[in-house]
Amino acid sequence: MTPPQTNDVKYTLEVRDLHAKAGDTQILNGINLTVRSGEVHAVMGPNGAGKSTLSAAIMGKPGYTVTKGSIMLNDRDIGAMPTWQRALAGLHLVMQYPTEIPGVGIDELLSEALSERGIDPAKLTARIAGEATRIGLDEALIHRAVNVDFSGGEKKRNETLQLAVLEPRIVVLDELDSGLDIDALRDCARRVEDLTNERNLGVLVITHYSRIFADLKPNFVHILAKGRIVASGGPELADQLERDGYEAFNP
Ligand code: ADP
Ligand code: MG
């Protein structure tokens, strides 16, 4: 279950004909996406298109039900697994609205998560300190409760730090760029871009603005509207979207 500790193994997240409900409402109507190690795929869509529902369905968030289709990680169907098993298998989600966890320190959370992955957390303190410096997060925050009373920027820097320390194989970033000032956005986006090169991380970056692409360069861009991918292409698709708006892609 635990991913091997080398990054030469290629990972593939394959979403096939995914239909999903949020609560009792049908939101996703047949999504097809394949994200491989080292690739950056952007999913862009207006508010309410189903972007967060897609991220929730991939990660197995309670309250979201897959009604048809499959979610495969390296040819293994993970669609029925609880979230923690998907995480151990190599998936990670950075949520649009990071959860506050009173009473649990960031260092405690990361220590537990690494132990669960069979990784000795002995060198964790130095590792966290290094990542905190790199992402521009005050080291004092590391001992505080996860995201409690953090600013918007601190929350997303903290989430990015967790991503760097936990070293998943494929990450879904649900609006990493929301609630961030320009400096924090640049630092977080660059750190993720570096992880695609240093660790061969595969990325599904969900956003409605192309601003984040200045530092996190997508290889592929997909446009999501009304629960379907209505267009796919290269980075030029994001430029077209900036020019013409989502209206031009209305299904
Ligand atoms: P996006 O992230 O693209 O803005 P969402 O996936 O959050 O869109 O939401 C898509 C639609 O699903 C919205 O109309 C939203 O109100 C609805 N929705 C989201 N979560 C739930 C839920 N738990 N129950 C019912 N409807 C939901
Ligand atoms: Mg959303």
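Colleague: What makes E4 and E5 a strand pair?

Modeller: The bridge count does, in this predicted model. E4 and E5 run antiparallel and are joined by two bridges. Pairing asks for at least two bridges, so E4 and E5 qualify. One of the facing couples is Met72 and Asp77, the latter in E5.

Colleague: And what sits between E4 and E5 in the hairpin?

Modeller: Two residues separate the strands of that hairpin. Asn74, in the turn, has a positive phi of about 50 degrees.

Colleague: How do you know that E1 and E4 pair?

Modeller: Eight bridges link E1 and E4 in the antiparallel sense. The threshold is at least two bridges, so this counts as a pair. Glu14, for instance, has Met72 of E4 as its bridge partner. That puts Met72 in two bridges: with Glu14, and opposite Asp77.

Colleague: What about E1 and E2, how do they pair?

Modeller: Also in the antiparallel sense, over nine bridges. With at least two needed, E1 (residues 12-22) and E2 count as paired. His19 has Asn29 of E2 as its bridge partner.

Colleague: What order do the four strands of the open sheet take?

Modeller: They run E2-E1-E4-E5, with antiparallel pairing.

Colleague: What makes E2 and E5 edge strands?

Modeller: E2 and E5 (76-77) each pair on one side only. As for the helix, H1 lies across E1, E2 and E4 (64-73), at about 115 degrees to E1.

Colleague: Which residues are closest to ligand 1?

Modeller: Ile27, Gly48, Lys51, Ser52 and Thr53, out of 13 residues that surround ligand 1. The cut-off for being near is a heavy atom within 4 Å.

Colleague: What makes Thr53 a polar contact of ligand 1?

Modeller: A polar side-chain atom of Thr53 lies 2.6 Å from an oxygen atom of ligand 1. The limit for N or O pairs is 3.5 Å, so the Thr53 pair passes. Backbone N or O atoms do it too: one of Gly48 is 2.7 Å from a ligand oxygen, and one of Lys51 is 2.8 Å from a ligand oxygen. Taken alone, ligand 1 exposes 560 Å², and the protein buries 60% of that.

Colleague: Which strand and helix each supply at least two residues of the shell around ligand 1?

Modeller: Strand E2 (25-36) and helix H1 (51-59). H1 gives the largest share, three residues.

Colleague: Now the six-strand sheet: what is its order?

Modeller: E6-E9-E10-E3-E11-E12, again an open sheet, and the pairing is mixed.

Colleague: Why is one side of E6 and of E12 left without a neighbour in the sheet?

Modeller: E6 (91-94) and E12 (228-233) stand at the edges and have a single partner strand each, so one side of each lacks a neighbour. Neighbouring strands in this sheet are turned by 20 degrees against each other on average, ignoring direction.

Colleague: And how do you know that E6 and E9 pair?

Modeller: Four bridges join E6 to E9 (residues 170-174), and the two run parallel. The requirement is at least two bridges, so E6 and E9 are a pair. In E9, Val171 is the bridge partner of His92.

How values were computed
Residues numbered from 1 in each chain as written. Chains lettered and ligands numbered in written order. Predicted model: local features only at pLDDT ≥ 70, side-chain atom pairs only at ≥ 80, totals over all residues. Heavy atoms only, no water. Polar contact = N/O pair within 3.5 Å; in protein donor to acceptor, adjacent residues only side chain to side chain. Areas by Shrake-Rupley, 256 points an atom, 1.4 Å probe, with all protein chains shown as cover. Contact = heavy atoms within 4.5 Å. Axes fitted to C-alpha atoms, helices over the stretch in contact; angles between N-to-C directions.
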